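Look over the sequence and the model below. The questions that follow start with the whole chain and then turn to single parts of it.

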Amino acid sequence: MKRRIADIVRGALADCRADGSISVGEDPAFVIERPSQPEHGDFATNLAMLLAKPEKKAPRAIAEILAAKLRSKTGLISRVDIAGPGFINFFIAREAWQQALLEIEAAGDSFGKSTSGEGKKLQVEFVSANPTGPLHIGHGRGAAIGDTLCRLFEATGWDVTREFYYNDAGAQIANLALSVQSRCLGIEPGDPRWPADGYQGEYIKDVAKSYLACETVDAGDQHVNAGGDPNDLDAIRRFAVAYLRREQDQDLTAFDVSFDHYFLESSLYSEGRVDAAVKQISEKGHSYEQDGALWLRTTDFGDDKDRVMRKTDGSYTYFVPDVAYHLSKWQRGFTRVINEQGADHHSTITRVRAGLQALEADIPKGWPEYVLHQMVTVMRGGEEVKISKRAGSYVTLRDLIDEVGRDATRFFFVMRKPDSQLVFDIDLAKQQSLDNPVYYVQYAHARICSIFETAAKNGVVPDFTQCRLELLANDEESAIIRTLLSFPEVVEGAAAAFEPHRIVYYLQELAGEFHSYYNRNRVVTEELDLTTARLFLLKCIARTIRNALSLLGVSAPERM
C-alpha cells in the first residue's frame, strides 16, 4: 500500500511540473509513513516540506498545490488533508482496503516479502561458540536472533550466507584438552592435580569416556578416531574439539538453525593469515615496538588508547586473529557483513575495525556491522535457574529445548529487543493458556483452522472467487485489514533495524485483533455471502500468521 501511495505522489508531482506549478527537477527523498494518530489518516508524507527550500515557498503553500492534484486522483485515496507545517495526510478508501486483501491471497507464501535487497550478497556470522562445551542460553539467544535476521534479510531480497566461526585454537582449547586428559587419568575436580582453569561439567567425563573407548567422531568436515592414549594430549585435543562440535551441531539442528559455512580459527594460523595481516599493518606504518611488544596505533582510528597486537612471549592478543578473519570475509566479496554476538564482545568492535582500517585494504569505516544481545535470565517457580548438571555451571540451550520445546524457546528468545536483557520464564513458556505469548499466537492460527473445519462439517463451501469483500465493513474488520496489509512494512523495518522482536509484536497485535473479533462476531452465519467474506478474511489472517511465524522459525499448528 505504501508503494502505491508513493507512486501516486510521484505522479502528482510530475503533474505539477507539467503545468509549471512546481519547478524542481528531481524527486526529493520523501517518505510515506503511518501517522501515530488515526485522525491524521492512514498515511502521510513530508514531500511539501522537502520542496519548500528549492521552490522558495512556504511548505503549506506547496502542500496545497500537491493536494489539489492528489484530490483529483480517485480510487485509492478518499481524502487528502494538510496538517501542521505542511504534512499531507491520506485517507484510503474503505473499498481499496477491502480489495487489497486479494494481494495477500495472490502472494501466498510470499506475502510480506520484497526485493529491496536486490539480490546483493550479505553475510551474517552468529553463534560462533568455542567448542569447549554445550551451547549455553546466551548462544541460544544469539542463534535465534541471528537465524531470524537471516530469514528477514532473505525475505527482503538479500543473498544471505550464514557463517559460524569456530574458535578451535588458543588457551581455552588448551584448557579443554587438559580437562579431558585429567578425566582420562581418573583425576576429578577438587583434586590438587586438576587444571587451574579446567572445565568441570559432566560432559568432560563423557568426552574422556568416548576417547578411552577409541570411538570415532564425525563433525562437519572433521573425522576423528580416538587413539585412547591418555598421555597423547594433542590427540585428546583433536578428539575433544570434534566431539563437542558434533554436540553443538546436534543442538543447533534441534533448534532448526543451520549454516552455509564453517570457518576454523586454526586455519588462520595454519595458512599464515594472522602473520600476513600483522605484516600488512606494520608495512602501512600503523604499528610500533615498545617494551618487547608490538602495538597497533588504534588511536589513529578512534580508539582511546593503542593496543598490543603481539605480546612479549610472541603470542597474539585475542582481537588480532579476528582482524585476519574479517579480512578474509572482505576478500571473499562480502561487502556487507553483520556479526551477531553477545554484549561482552562490545570492547572488541573498535579494535577489530581499527585493525581493518590499518590494513589500508579499502574496507569502509564502520564495516562490519554488529548486533549485540544482552544476557538471559532463566526463571522457574519464581527463582533463577543457574546450573545445568551436564554443563556444571550454566543452563544449556538443550535444557530449554527439552523442557519447553523449540517453538517456545525460539519465540521467547526474540521477544525483546536484542540489546535488552531477557527474562526467560520457563513456567510461562510451558503454559497452554492465552497468557503464554507463543501459545496465544499459535492458537489464533489453530483456531482459524478449526473454524474452517467446522464450517466444512456443516456443509459450508465458500466460493472465494465470488467473494463480496465490501461486506467486510465493520470497524474491527477494517482494523484487521489495515494490520494485515502493514505486514510487508513490518518485515522491511525489522530487517533494516536488526529488530526481530518487531515480528513478535506484530503477531501479538494481529492475534489479539483476531481473538477479539471472533469473540464479538459470528463468522459462519445464515448469509452465505457474509460467511464467505469473513472466511476469506480469516484465511488472510491465517496466511499472514504462518508467514510471520516462519520468519521466527516457529511452526503454525493446525490443532492445539
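This is a predicted model: local features need pLDDT of at least 70, side-chain atom pairs count only at pLDDT 80 or more; totals for chains, interfaces and linings use all residues.

Q: How many helices and strands are there in the protein chain?
A: Helices (H or I, at least four residues) and strands (E, at least two) are DSSP runs, numbered from the N terminus. By that rule the protein chain has 20 helices and 17 strands.

Q: Is Asn521 buried or exposed?
A: Asn521 lies in the loop between helix H19 (501-520) and helix H20 (528-552). Buried means under 20% relative accessible area, exposed over 50%, and partly exposed in between (1.4 Å probe, protein chains only). Asn521 has a relative accessible area of 13%, so this residue is buried.

Q: Which residues is Asn521 in contact with, leaving aside its neighbours within four places in sequence?
A: Contact means heavy atoms within 4.5 Å. With those neighbours left aside, the residues in contact with Asn521 are Asn474, Glu476 and Arg534.

Q: Which helices and strands do the buried residues of H12 pack against?
A: Helix H12 covers residues 346-358, and its buried residues include Ile349, Val352 and Leu356. The buried residues of H12 pack against helix H10 (273-283), strand S11 (293-296), strand S12 (307-310), helix H11 (319-331) and strand S14 (369-373).

How values were computed. Residues are numbered from 1 along each chain as its sequence is written. Side-chain values use heavy atoms; hydrogens and water are left out.
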